[in-house]
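Hi everyone, thanks for making time for this. Let me bring the structure up on the screen, and then we can walk through a few parts of it together.

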Amino acid sequence: MSEECKFEVRWKDKIFLLPLVNKDKINNIICELDYVFKRSVVERPEYDGLISKIAERAIVMAAYLDNAAVGYCAFYMNDFANSTAYISLIAVKEAYQNMHVGTALIQYIKQIAVVNDIKQIRLEVDKDNENAIRFYMRRHFTKERQASEVSDYMVCLL
């Protein structure tokens, strides 16, 4: 690939973020990192519909470190009526957690949101996922309200 055709986002000169647009590649990375979720994503009854929706409508960014995919996020930036972006999934391989990969993904979403006049980012997190809640709170997300018996909505105002 020539340098003028290359698309990448660098973060701290180590982490590269690249978009995934192929449904199979999106499915592969979600399956590969499914182990980091307390509740499996791929074993959910609605997974087939979820992966189709993500492939058709979401923005999916893969994070690469040392030429290996180490994380990803799938998010939606199409609710302009409410000026809201939604993070559907975000995962980082355990061996690469605490290496700013998740931060790079969140920062990228925030940058895209600001450029597109999005005022807030929402996500849903399991109530018992203390590590994820702590991670989001450090990045200025706050609990908004209960989503279900097992999860809460969090929001970050931009």
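Before anything else, a word on pLDDT: it is the predictor's confidence in each residue, on a scale from 0 to 100. We need that because what you see here is a predicted model.

So how does the chain score? Its average pLDDT is 91, and 92% of the residues reach at least 70. Now please look at residues 1-7, where pLDDT stays under 50. For that stretch the model has four contacts beyond four places in sequence. Where pLDDT is low, the predicted coordinates should not be read in detail. Among the elements of the chain, strand β1, residues 9-11, has the lowest mean pLDDT, at 57, while strand β5, residues 84-92, has the highest, at 98.

Next, the helices. At what angle do α1 and α2 pack? Helix α1, residues 23-32, packs with helix α2, residues 47-57, at about 125 degrees, and their axes are 10 Å apart. The two helices are therefore oblique to each other, and α1 passes α2 in a right-handed crossing. On the α1 side, the contact is made by K23, I26, N27, I30 and C31, and on the α2 side by Y47, I51, S52, I54 and A55. Sorted by class, that contact has seven nonpolar residues, two polar ones and one charged one.

Last stop, a pair of strands. Strand β7, residues 142-146, and strand β8, residues 151-157, pair in the antiparallel sense over four bridges.

Conventions:
Residues numbered from 1 in each chain as written. Predicted model: local features only at pLDDT ≥ 70, side-chain atom pairs only at ≥ 80, totals over all residues. Heavy atoms only, no water. Axes fitted to C-alpha atoms, helices over the stretch in contact; angles between N-to-C directions. Parallel < 35°, antiparallel > 145°, perpendicular 65-115°, else oblique. Left-handed = near helix turned anticlockwise from the far one by under 90°. Contact = heavy atoms within 4.5 Å. Nonpolar A, V, L, I, M, F, W, Y, C, P; charged D, E, K, R; others polar. Pairing = 2+ DSSP bridges.
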